[in-house]
Amino acid sequence: MEDERFIRPLQLIANLFFEETEIQLGDSSHDELSIHFSLNKEGEMMSAAAVLSANGKNYEASFKKAVDAVDEKEQFKQLKNIVSHVFLHVLQDYTKITQKWGILTGMRPTKLLHKQHQAEVPAEEARRKLREEYMITDEKIDLMERILERQLTMVPDLYEVKNEVSVYVGIPFCPTKCAYCTFPAYAIQGKQGRVASFLSGLHYEMEQIGRWLKEKGITITTVYYGGGTPTAITAEEMDELYSLMYEVFPDVENIREITVEAGRPDTITPEKLNVLKKWNIDRISINPQSYTQETLKAIGRHHTVEETIEKYHMAREHGMNNINMDLIIGLPGEGTAEFAHSLAETEKLMPESLTVHTLSFKRASEMTLNKEKYKVADRTEVEKMMNMAEQWTKEHEYVPYYLYRQKNILGNLENVGYSKPGQESIYNIMIMEEVQTIIGIGCGAASKFIDRKTGKIEHFANPKDPKTYNERFVEYTEKKIDKLNKLFS
Ligand code: SF4
């Protein structure tokens, strides 16, 4: 246990139980809580035992597993899982808190199940593994299985789409900045000059990437306009951008899905909706986050609840027939009563999909920096709200189709995308399951290059602020094309 590589995974697990823990390996009399580990290896079998002594009581756990590692790195990974297993076990016993995701602290739990599925591990065996080795509860395993089934129904060629790519377009402007936001989002007011030069950089990137895709004969699976708020720019600017997309991207008519986030209702106008319709873009996202006016005010979203509802109807009238709405559980001052109200309002609208986020305290947001100013619900109440969302979606025939977890998420829960069957967002599946390369263009756009043979992922991010982007977009485009040439040679 002297290997420093244990510190990080143990700390991530400890943080599920306590705030801001610090892990020390070795003997120390200053520890608030000490756990004694013993590790053993006999042939292929590795075992770990842990004893936590506190309040005159011993909490004990042991776990044994055959290790079939090909190299040292994989061997350590398996050993780390065995140690995490006993660590979680004694902490659960000591605190009486059950971690529903077991030892998993990563962002994408469903990837683990896809791996088993791809390796043709029988479903029962995969379940057993998740339950016994990773200590995931049946409730969460059920959720993972339902999601996997939906994803493979929506994208039957999910394991082959690696030969195609998706494109993410980042537009970094919003009417005002929200308090929990860490996205590249700059208040647009009075910054028309900056918007215009940003858009000319974006046009350049679009043309270059489009030309490369055409030359190589590579198909685009999905396109996603995010940000910021892509509808914060004017209707004319949107029109020009989509017109260019049709001109320079290959076979746009056959792209499986094009989504435009219209997150802030205060950016939606009939003119902009007409532009979307003109270019056959009918999947948009309008995000109420909450239907309680005081909450919206507290988090700095300068629009009204009525405006969300009004813009939703306006979008429908203008032919948008796949609308996603986001709700956030655990916003400041909100509990089950406010959340029940948000669900009741959602019921009047019935969007095709509903994404339920759990509030996370992201390091750079205004909310984290001034944590004491924002009062948020406790673990039990957050869990109740999650259950309400699950129940509500079930009753209204929505299915879960993707999920992801974040660090510092309230109650160690997850964000879940629900949708009416057949209306799931393919882009969301692509980004969550990391099955294909996603090319990010525009401000703050993150590209994810995925090696088609090894599955190895390389991240590459465009500059977050428009000023740096405007100065360096040519260089960033070239770098991306270099990487793409290597991947698709
Ligand atoms: S609308 Fe979205 S991107 Fe814009 S500031 Fe608010 S949270 Fe950030």
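Which residue takes a positive phi in the hairpin of β15 and β16? The sections below describe this hairpin, an open sheet, a helix and the ligand shell of a predicted model.

Strand β15 covers residues 446-450 and strand β16 covers residues 457-461. The two run antiparallel and are joined by 5 bridges. Ile-450 has Ile-457 in β16 as its bridge partner.

Between the strands of this hairpin there are 6 residues. Gly-455 is the residue with the positive phi, which is near 80 degrees.

Strands of a sheet pair through backbone hydrogen bonds, and the pairing is either parallel or antiparallel. In the open sheet with the order β1-β2-β3, the 3 strands pair in antiparallel fashion. Its edge strands, β1 (35-42) and β3 (57-66), each pair on one side only. On average, neighbouring strands of this sheet are turned by 10 degrees against each other, direction ignored.

Strand β2 spans residues 45-54 and is joined to β1 by 8 bridges.

## Helix α11

Helix α11 takes in residues 336-349, which makes 14 residues. From its first C-alpha to its last it reaches 20 Å, close to the 20 Å expected at 1.5 Å a residue. Met-350 follows α11 and has a positive phi, near 50 degrees.

## Around the ligand

The residues around the ligand include Cys-174, Lys-177, Cys-178, Cys-181 and Phe-183. Also among them are Gly-227, Gly-228, Thr-229 and Arg-264. The shell divides into 5 nonpolar, 4 polar and 2 charged residues.

How values were computed
Residues are numbered from 1 along each chain as its sequence is written. This is a predicted model: local features need pLDDT of at least 70, side-chain atom pairs count only at pLDDT 80 or more; totals for chains, interfaces and linings use all residues. A residue is near a molecule or strand if its C-beta atom, placed from the backbone, lies within 6 Å of it. Ala, Val, Leu, Ile, Met, Phe, Trp, Tyr, Cys and Pro count as nonpolar, Asp, Glu, Lys and Arg as charged, and the others, Gly among them, as polar. Helices (H or I, at least four residues) and strands (E, at least two) are DSSP runs, numbered from the N terminus. The expected span of a helix is 1.5 Å times one less than its number of residues. Two strands pair if DSSP finds at least two bridges between them. Axes are lines fitted to C-alpha atoms, for helices over the stretch in contact, and angles run from 0 to 180 degrees between N-to-C directions.
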